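Me: I'd like to go through this model and check the labels one at a time. Can you give me the value and the cut-off behind each call?

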Amino acid sequence: MDGESMMDIRYGNGEGRFTLRAAVLIIRDGSILLARDDAHDCFYTVGGGIRQNESSAEAARRECREETGCALEVERLLFVQERFYSLGNTPQHEVTFFYLMKDDAVPLRSGAATDQPGEHLHWLPVRALETVNVVPAFLRRGLRELPAGVSHIITRE
């Protein structure tokens, strides 16, 4: 791929920043695999930016492979979230596609490093998400019972 096609779909202008993302949900035995940067107190999904000319499902598979080292396939799209928030004084608009991945029991252990410095994977019980800082916050309740179809979520934080 050339350099231009490798760029994530994101931009900034006088109104703020926009980012298009894909995230993966790997659920096994009542627990979900989340990531956490050692310098921060929150847990978040494995995922990242969608590249130009890449579908959201392709991005989910790529991000899963990059961050976990495992090539998992997409089972289905669960959530699309439009998230509005601010970083400092800069308004952010983020659209994320959350994909449930097919778990073929590949060895993924808590504490394993991702492709980002200082970032590690953690298995957390879905029932315990209410007691930890999870971003985005809708996952605390949204993962208790997975929707039959695709849920569209809009949050303003």
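Me: Let's start with a simple one: which helix does R62 lie in?

Reply: R62 is part of helix α1. Keep in mind that this is a predicted model.

Me: What makes R62 buried or exposed?

Reply: The relative accessibility of R62 is 7%. Buried means under 20%, so R62 counts as buried.

Me: How far is R62 from G111, in sequence and in space?

Reply: They're 49 residues apart in sequence, and their C-alpha atoms are 21 Å apart in space.

Me: How do you know whether C42 and C64 are buried or exposed?

Reply: C42 has 16% relative accessibility and C64 has a relative accessible area of 0%. The limit for buried is under 20%, so C42 counts as buried, and C64 is buried too.

Me: Now the rings. How many aromatic pairs turn up in the whole structure?

Reply: Four aromatic pairs. One of them is F79 with F98.

Me: What makes F79 and F98 a pair, and what kind of pair is it?

Reply: Their ring centres are 6.3 Å apart, and rings pair if the centres lie within 6.5 Å. The planes are at 80°, and over 60 degrees counts as edge-to-face, so the F79 and F98 pair is edge-to-face. The pair links distant parts of the chain, with F79 in strand β7 and F98 in strand β8, 19 residues apart. Both F79 and F98 are buried, and together with F138 they form one aromatic cluster.

Me: What puts a charge over a ring, as with R156 and F84?

Reply: The distance part of the test asks for CZ of Arg within 6 Å of the ring centre. The charged end of R156 sits over the ring of F84, 4.2 Å from its centre. R83 lies over the face of Y85, at 4.0 Å from the ring centre.

Me: Which value of phi does N53 have, and where is N53?

Reply: Phi of N53 is positive, near 70°, in the loop between β6 and α1. With a relative accessible area of 67%, N53 is exposed.

Me: Why is G30 called partly exposed?

Reply: The relative accessible area of G30 is 42%. G30 is in the loop between β3 and β4, and its C-alpha is 9.8 Å from that of L143, 113 residues apart along the chain.

Me: Which peptide bond is cis, the one that joins V135 and P136, and what is its omega?

Reply: The bond between V135 and P136 is cis, with omega about 0°. P136 is in the loop between β10 and α2.

Me: Last one: what lines the largest pocket?

Reply: The largest pocket holds about 740 Å³ of space. It has 31 lining residues, and R21, Y44, T45, G47 and E94 are the closest to its centre. The lining divides into eight nonpolar, 10 polar and 13 charged residues. At least two lining residues come from each of β2, β6, α1, β7 and β8.

Key: Residues numbered from 1 in each chain as written. Predicted model: local features only at pLDDT ≥ 70, side-chain atom pairs only at ≥ 80, totals over all residues. Heavy atoms only, no water. 1 Å grid on protein atoms, 1.4 Å probe; cavity = no way out; pocket = protein on both sides within 12 Å on 5 of 7 lines; lining within 4 Å. Points joined across faces, edges and corners; volume = space filled by probe spheres on them. Helix = DSSP H or I, 4+ residues; strand = E, 2+ residues; numbered from the N terminus. Nonpolar A, V, L, I, M, F, W, Y, C, P; charged D, E, K, R; others polar. Buried < 20%, exposed > 50% of the residue type's maximum accessible area, 1.4 Å probe, protein only. Phe/Tyr/Trp six-rings, centres within 6.5 Å; stacked < 30°, edge-to-face > 60°. Lys NZ or Arg CZ within 6 Å of the ring centre and 35° of its normal.
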